[in-house]
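Good morning, and thank you for coming. Please have the sequence and the structure in view while I speak.

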Amino acid sequence: MNRADSMTVGVLGSYGGRNVGDEAILTALLERVRAGRPQTRFVVFSRDPAHTRRVHPDVEVVGWEGVCREDISGHLRRLNLLVLGGGGILYNTEARRYLRMARTAQDLGVPVFAYAVGAGPLTDEADCAWVRTVLSDAVEVTVRDEESKLVLEEAGLTGPVTVTADPALLLVPGDRGQALLRAEAVPSGVRLVGMSVREPGRAAEHLDEEGYHQLLASVGDFLVHRLDAHVVFVSMERGDIRHAHAVVSRMATADRCTVLRGDHGPQQVLDIVTQLDLAVGMRLHFLIFAALAGIPLLPLPYAGKVFDFAQQVGAPALRGVIRETTGLLLAEVDRLWDERPARTADTAVRVASLRARAARTADRLLAYLDVIAARDLVQDSTPMPAVAAAEADSHRFPRE
C-alpha cells in the first residue's frame with residue numbers, strides 16, 4: 001500500500017467531553033469520510049481517551065489535554081491532514097487551546113482543515129489573534145452557520161469562509177426509541193413532549209439560571225394541561241440532569257415528567273427524539289435531532305447558533321430566554337401545536353437542504369485528501385515538475 005492509499009487524518013475537537021452533540025459530530029464526520037475513502041486511518045485527539053476508545057474502538061485515540069508540545073508533536077508529524085472541528089470550539093478562552101495545537105501542526109508542515117466549526121462569543125483579543133494567525137493559514141475554513149462566519153470576520157479573519165451546516169445533520173434516525181423509553185419507565189400511549197435545558201457558562205454567558213428554570217417550568221405545566229402530555233427531559237450532557245430536576249421542582253405537574261438518566265450516545269438520543277410529539281429546547285443538537293425526526297420544534301435561543309438554526313428550519317426564532325417572555329413563549333407553543341402539519345412539511349424541505357450542505361463539508365474534505373494523495377503519488381513515482389510542486393506546496397484548495 002503506497003502513501004496515497006494510507007492516508008492518516010487527525011481530528012481535533014471537543015471530543016471525549018461526554019456532550020452528545022459533539023459526539024454526534026464526530027460520528028457523522030468519521031462515517032462520511034470512511035464512505036468516501038474507506039482506507040483512511042484516523043487519529044482522534046480526545047479530552048477523555050478512555051471514553052472515545054470505548055465509543056470508537058476502530059480509531060486511534062490520543063489524549064491531548066495537559067500534554068506537552070514535544071509529545072503531541074510526535075503524533076501530529078504522522079498526519080497527512082489535521083481536521084479542526086467541527087462544533088462550537090472557537091469561543092472566549094477556549095479557542096486558543098485548540099488553535100495552539102493546530103498551529104503546532106502547521107509548524108510541522110501538516111495542513112489544517114477547519115470542519116464546520118462554530119464560533120462565538122469571541123471577543124477576547126488573545127483568542128482573536130489566534131483565529132487570525134491559524135485560520136489564515138488553513139487550507140479550508142468552513143463554518144456551520146452564518147453567525148459563526150460573522151464572528152470570525154469580526155475577529156479579523158479576512159480569508160474566505162464557507163458556510164455549510166452542522167455535520168450531525170447527516171445522522172439517520174433508527175428504530176430503538178420505544179425500547180429506550182421503556183427502559184426509562186416513560187409511559188406509553190400518551191403524547192410525549194421533549195424538553196432540553198443546559199447550564200450557564202462561557203458558551204451561554206447571559207443565561208439567568210433561576211429565570212429560565214421558572215420559564216421552562218411554566219412551559220412544562222402548560223404543555224401538560226394543553227396537550228394532556230407527559231414531559232420528557234432529554235439530557236445532552238450529564239450536567240443537564242441537575243438543571244432538568246431544577247425545572248421539575250418548580251412545576252405543579254411534576255408527576256407528569258420524566259428526566260432521562262441513561263448514558264445514551266448520539267444515535268440513541270436521536271432514536272428517542274423520534275418518539276416525541278413536540279420538542280422545546282435549548283441545546284442545539286437536541287433541536288437538530290428534532291428536525292431530523294420530523295417533529296415540531298420550538299428553540300429557546302440562548303446563543304446565536306440556536307437562533308440561526310431556528311431561522312434555517314423555519315421554527316419560531318425567539319431572542320433570549322428570560323422570564324418576561326413567558327406569555328409570548330406559551331403563545332408560540334400553542335401556535336406551533338395547531339400548525340404542526342404545515343410546519344412539519346416545511347421543516348422537512350429545509351432539513352433536506354441543510355443535509356445537502358452538511359454533506360458538502362465532507363465532500364470538500366475528501367476532495368482535499370484527493371489532492372494530497374495525488375501529490376504523494378507523484379512524489380513517490382517521479383520528480384515533480386516545478387509548476388505542480390508549487391501548487392502542491394501552496395496548501396490551498398480551490399474554493400467555491
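The second largest cavity is lined by Ile295, Pro296, Leu297, Val313, Gly314, Ala315, Pro316, Leu336, Arg343 and Thr347. Please bear in mind throughout that this model is predicted. The space inside the second largest cavity comes to about 50 Å³. How does its lining divide by class? Seven residues are nonpolar, two are polar and one is charged.

A search of the whole structure gives three cavities of 30 Å³ or more. The largest cavity has a volume of about 70 Å³. Two elements, helix 11 (284–293) and helix 12 (304–313), each give two or more residues to the lining of the largest cavity. Which helix supplies the largest share of that lining? The answer is helix 12, with four residues. Among the residues that line the largest cavity are Leu284 and Ile288, together with Lys305, Asp308, Phe309 and Gln312. Others in this lining include Arg144, Asp145, Ala165, Asp166, Leu169 and Leu354. By class, the lining of the largest cavity has six nonpolar residues, one polar residue and five charged residues.

I turn next to the nonpolar cores. In soluble globular proteins, nonpolar side chains tend to be buried together. The largest nonpolar core in this model has 75 residues. Which residues have the most contacts inside that core? They are Phe233, Phe289, Leu297 and Phe309. Two of these names have come up already: Leu297 lines the second largest cavity, and Phe309 lines the largest cavity.

If we set aside neighbours within four places in sequence, Phe233 is in contact with Met195, Ala244, Val247, Val248, Met251, Cys257, Thr258, Val259 and Leu260. There is also a second, separate core, which has 37 residues and includes Phe45, Leu76, Val117 and Leu152.

Asp334 and Arg226 are 108 residues apart in sequence, yet their C-alpha atoms are 8.1 Å apart in space.

Thank you for your attention.

Key: Residues numbered from 1 in each chain as written. Predicted model: local features only at pLDDT ≥ 70, side-chain atom pairs only at ≥ 80, totals over all residues. Heavy atoms only, no water. 1 Å grid on protein atoms, 1.4 Å probe; cavity = no way out; pocket = protein on both sides within 12 Å on 5 of 7 lines; lining within 4 Å. Points joined across faces, edges and corners; volume = space filled by probe spheres on them. Nonpolar A, V, L, I, M, F, W, Y, C, P; charged D, E, K, R; others polar. Core = buried A, V, L, I, M, F, W, Y, C linked by side-chain atoms within 4.5 Å. Buried < 20%, exposed > 50% of the residue type's maximum accessible area, 1.4 Å probe, protein only. Contact = heavy atoms within 4.5 Å.
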